[in-house]
Amino acid sequence: MEKILEHTVLTIREAGKIIMNYYQSEFEVKQKGVGNPVTQADIETDTFLKNTLTEAFPNYGWLSEETKDSPARLGKNRVWVVDPLDGTKEFVEGIPNFSISIGLVENGKPIMGVILNPVKNDLYTAVKNMGMKFNGKKTIICQNQNLNEINILNSRSETKRGLWKLYQGKFKELIPIGSIALKLAMVSANQADFIGSLQPKNEWDICAGHCMINESGGELLTTLGNEITYNNPNTLITPGLVAGNKIAVSNFLNIL
Ligand code: IPD
Ligand code: CA
Ligand code: CA
């Protein structure tokens, strides 16, 4: 696994350079749906990642937000699950909360996660049974189980839409930032306490971060308390998700 991680880290750093060539400059933005932009940076990064990783690991399958899906991945033991640019809205607005997220799955379970915030050059990595690292240093998840003392990272659009009003006063503070992948990475690195999301996510948004949460000693579940698996025919994970230390997750699910 160490060689695979090494290759993936070199690859994600190159992908970060592609994105930073576009950041805060002129680029084309198209709308895939309401509130779902895609840019030249998303597409170019996707092409680079797909070519580089599938050439180096020809037996692995491929699932990415910006690549037309193929059922070929369903027959593979190991599959890359990638979001070339998570937090495109923030990227377009010039806000530095976006990331590249590369997950590797074996038989439906995440075995490696690599996430880069290219603005800060912050690198988050995790390998199954080998721990979670932030910029090369091991980290463990926040151990506080008392929700009143815990800050929750959540989505900017969920706050804007008032979805969290019901839970006001249940936690210390809600901190809305972009990119669910970056939020999972930050919580795994103990740069924040906990994550709650009240909207569905796709496998590519959370696969790498899921490996990180596991390896930092935490837990990621749906808001119904269900386990999450990957490389499914339907890649949407519903209805929402929570991640943090196991007791805090259980306390949060009781409130919901
Ligand atoms: C979005 C991000 C965001 C999440 C949205 C996704 P994109 O992905 O993951 O954190 O809240 O649901 O659509 O479009 O920026 O890759
Ligand atoms: Ca995404
Ligand atoms: Ca994306």
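**Exercise 1.** Decide whether Arg156 is buried or exposed in this predicted model, and state which residue Arg156 meets in a salt bridge.

*Solution.* Start with accessibility: the relative value for Arg156 is 17%, and the cut-off for a buried residue is under 20%, so Arg156 counts as buried. Next, look for the partner, which is Glu93, with the closest N and O atoms of the salt bridge 3.1 Å apart.

**Exercise 2.** Work out which residues are linked with Lys32 in a network of salt bridges, and where the partners lie in the chain.

*Solution.* Take Glu65 to begin with: the side chains of Glu65 and Lys32 form a salt bridge at 3.1 Å, N to O, and they join strand E1 (residues 29–33), which holds Lys32, to the loop between strand E3 (61–64) and strand E4 (78–86), which holds Glu65, across 33 residues. Continue with Glu66, whose salt bridge with Lys32 has its closest N and O atoms 2.9 Å apart; Glu66 lies in the loop between E3 and E4, 34 residues from Lys32. Putting these together, Lys32, Glu65 and Glu66 form a network of salt bridges.

**Exercise 3.** Classify the accessibility of Lys32, Glu65 and Glu66.

*Solution.* Lys32, with a relative accessible area of 39%, is partly exposed, and Glu65, at 22%, is likewise partly exposed. Glu66, at 16%, counts as buried.

Conventions
Residues are numbered from 1 along each chain as its sequence is written. Chains are lettered from A and ligands numbered from 1 in the order in which they are written. This is a predicted model: local features need pLDDT of at least 70, side-chain atom pairs count only at pLDDT 80 or more; totals for chains, interfaces and linings use all residues. Side-chain values use heavy atoms; hydrogens and water are left out. A salt bridge is a side-chain nitrogen of Lys or Arg within 4 Å of a carboxyl oxygen of Asp or Glu. Helices (H or I, at least four residues) and strands (E, at least two) are DSSP runs, numbered from the N terminus. Buried means under 20% relative accessible area, exposed over 50%, partly exposed in between (1.4 Å probe, protein chains only).
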